[in-house]
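User: I'd like to go through this one and see what backs up the labels. Can you start with the terms?

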Amino acid sequence: MTYQLDATAGGAARQPRRERVARPISAPKFGALPLGDPTGGADAIRWREQVDGKQLYPRVSIDRDVTLTMSDGVRLRATVIRPANRFGQTVLTPYPTVVNINPYNRAAIDFLDQTLHAPVLGKALASASRSIDGTGTALEGLTTLTQTLAGGVFDVFGINRNLVRSGYTQVIVDVRGTGASQGKWQILGGREQQDSVEIIEWVAEQEWCNGAVGLAGWSYSAINSLQAADKRPPALKAVFAVEGCDDIVRDIYITGGMPSAFIPAWLSVVNLLKWVPNPANVVRDVASGDALRWMVDRVKSPATEIPSLLWGFLTARDDRIFDDPYFDERDPLVDQIEVPTFTVGAWHDLFGRSATGVYERLQMEPGRKQMVVGDGYHFDVGSGYGGKFAPPRLDVLERAWFDRWLKGHRNGVEYYGPVTMLQQGGAWTSGPSFPRPGVHPQRLYLNDVSSGSAEHCVHDGSLTTEPVDRLSSLDVRADIRGAMSRDMTQVTAGGAMVLGRAFTSDARFQERGGLSFTTEPVTESTTISGAMNLRLNVATTAHEAIWAVTVNDVAPDGTSTVLTNGALSSSNRALDPSSSKYASDGSLLSAHHYLSRKRKLPVPADEPVRIDVDLVPTDAVLEPGHRLRVDVYAASFPRYLTVVPDLIKARGRRQRLVLDPHHPSYLTFCSGGAW
């Protein structure tokens with residue numbers, strides 16, 4: 001038995017199939033939000049009350065055994081969540097639908113949903129994640145991770161019961177070749193992108209959908225949401241993307257021409273999960289023969305991409321070790337997106353460059369595009385959201401975003417932000433743009449004169465406004481101190497933060513193996529905002545060299561906190577001028593390297609070459625008494641790995657930074673202060 005709701009209760013009465021269009025359900029108007037309030041002000045209080053208060057429906061109905069057949073015959077499996085009355089009967093009224101397409105197996109999502117909504121355990125976990133705060137203690141990293149539960153990201157990632165109870169349908173689909181879906185996993189490839197479009201079209205035609213579709217997701221499902229949006233399917237009305245990416249090569253796959261340890265670990269997890277049958281589908285799949293087809297597909301591709309990745313790492317003969325058309329097909333064409341898009345990122349996320357890059361490339365007016373960037377990593381996104389001076393929780397922002405663009409509610413969310421950032425060293429702010437207004441290009445030169453602030457380093461040098469006036473050479477050797485650093489926490493998606501401050505906020509252990517260059521203390525609050533580039537004049541005794549760099553905020557007590565990072569192998573130094581970014585004065589602000597096999601350059605032994613290391617764009621403030629520091633390393637394992645042929649070329653190397661008045665090394669960045 002089912003329950004039919006009258007359209008006047010908040011739904012849109014079903015229209016004949018051929019005439020159905022997305023229509024606003026209602027259009028309440030709340031107060032406008034003044035620019036500059038990262039909390040969202042009075043509007044956000046209403047958004048939160050709508051999420052935490054009584055919903056239109058008391059329950060949800062979940063169908064975990066839905067099949068979608070794609071145009072090539074491959075059958076995908078999905079979960080459909082619909083509103084239900086107090087008797088558990090499914091509501092028949094069509095509503096806007098939010099779609100999530102991910103590769104992590106709906107069985108895992110079901111387990112997460114059942115755990116977080118268990119009568120006693122769920123409430124206990126929610127209460128503990130909100131109330132336990134270990135800031136300043138040895139448990140700081142652990143509680144930062146657990147506070148993610150209270151930040152709302154798991155509602156964006158998985159089943160969002162509150163959203164559905166408020167008058168939405170939700171659809172969660174296993175990506176082809178993963179979970180219970182048939183076919184071969186393509187890892188964001190062209191056929192998979194076509195699936196996303198076909199899923200949207202299928203959803204819009206269902207009797208429980210009023211024709212308006214939104215896409216939401218975290219990480220992989222954020223990326224495929226952006227991919228689908230660039231195809232402009234007519235039914236798609238809005239996107240809510242948490243930690244997506246539009247340049248996977250430079251963000252994490254082969255940053256600076258060097259693979260990351262994250263990729264093989266991540267591929268292994270997804271390939272393992274795709275072998276786990278979904279209990280909700282097993283009986284029917286065995287009876288129908290789908291289980292056999294599923295097994296045949298898994299046997300054909302038991303460990304997707306892992307053999308080719310291993311072959312490329314060992315031989316450098318696989319194109320996926322370079323920036324190749326393989327990746328061009330997978331990068332979302334963000335400038336083609338037309339629907340309102342809300343992006344969430346973090347300065348030290350795996351996709352740190354995309355945290356701001358996606359917003360910058362969206363070709364629409366602020367308000368229809370929004371950006372929130374926190375000072376965290378991948379797994380802890382949303383931690384601290386909903387706090388007194390912080391943005392609303394992610395589930396609150398998602399609900400407000402879809403209420404505005406799928407239901408037509410004039411709730412003021414388009415006046416939020418549009419650029420909301422947790423300024424490193426400072427507080428949450430909202431403003432009109434990134435970089436923030438009032439900054440201009442600056443240049444600081446690396447100098448071998450001691451700053452008196454980094455005696456623990458291989459060399460304690462200075463950052464000055466004038467280049468050096470004499471030639472000097474500073475040796476640096478590769479070590480494994482990067483395994484205890486913020487680089488390690490980044491490459492583990494934030495997991496290593498539980499191991500202590502050396503992995504998050506104090507780089508002095510790693511600095512013992514690096515060359516350090518530090519300014520004098522600033523005398524007033526000094527803002528840094530935007531892209532950065534570090535030009536270095538370097539040499540090596542071998543035919544390859546690895547350079548890893550960080551830019552740090554140094555406190556008066558000596559604590560050195562990484563603000564941003566970057567890396568480059570010397571053979572990948574060739575620049576693509578057409579894709580690089582330059583300041584108004586012509587200074588290179590963001591170096592875009594080809595990172596292709598054909599564009600690799602020879603590295604002459606003991607002969608200095610110029611390299612430009614592009615750093616992840618960031619936003620920070622140095623308080624009076626703090627210093628800015630550049631650290632230069634010969635390695636940062638396991639954040640940056642070296643393929644075996646390059647490792648052979650670099651064996652026994654001694655790397656050195658050559659400070660030459662005729663070929664200076666310097667940091668270019670945008671700042672609002674005088675140095």
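Analyst: Buried means under 20% relative accessible area, exposed over 50%, and partly exposed in between, with a 1.4 Å probe and protein chains only. Helices (H or I, at least four residues) and strands (E, at least two) are DSSP runs, numbered from the N terminus. This is a predicted model, where local features need pLDDT of at least 70, side-chain atom pairs count only at pLDDT 80 or more, and totals for chains, interfaces and linings use all residues. Residues are numbered from 1 along each chain as its sequence is written, and side-chain values use heavy atoms, leaving out hydrogens and water.

User: Which residues of helix 11 are buried?

Analyst: In helix 11, they are Phe262, Ile263, Trp266, Leu267, Val270 and Asn271.

User: What puts them on the same side of helix 11?

Analyst: Their arc, taken from the directions from the helix axis to the C-beta atoms, is only 150 degrees, so they sit on the same side of helix 11.

User: Why is threonine 341 called buried?

Analyst: Its relative accessibility is 0%, so threonine 341 counts as buried. Threonine 341 belongs to strand 7 (residues 341-346).

User: What about leucine 188: why is it called buried?

Analyst: Leucine 188 has a relative accessible area of 4%, so it's buried. You'll find leucine 188 in the loop between strand 4 (169-174) and helix 8 (190-204).
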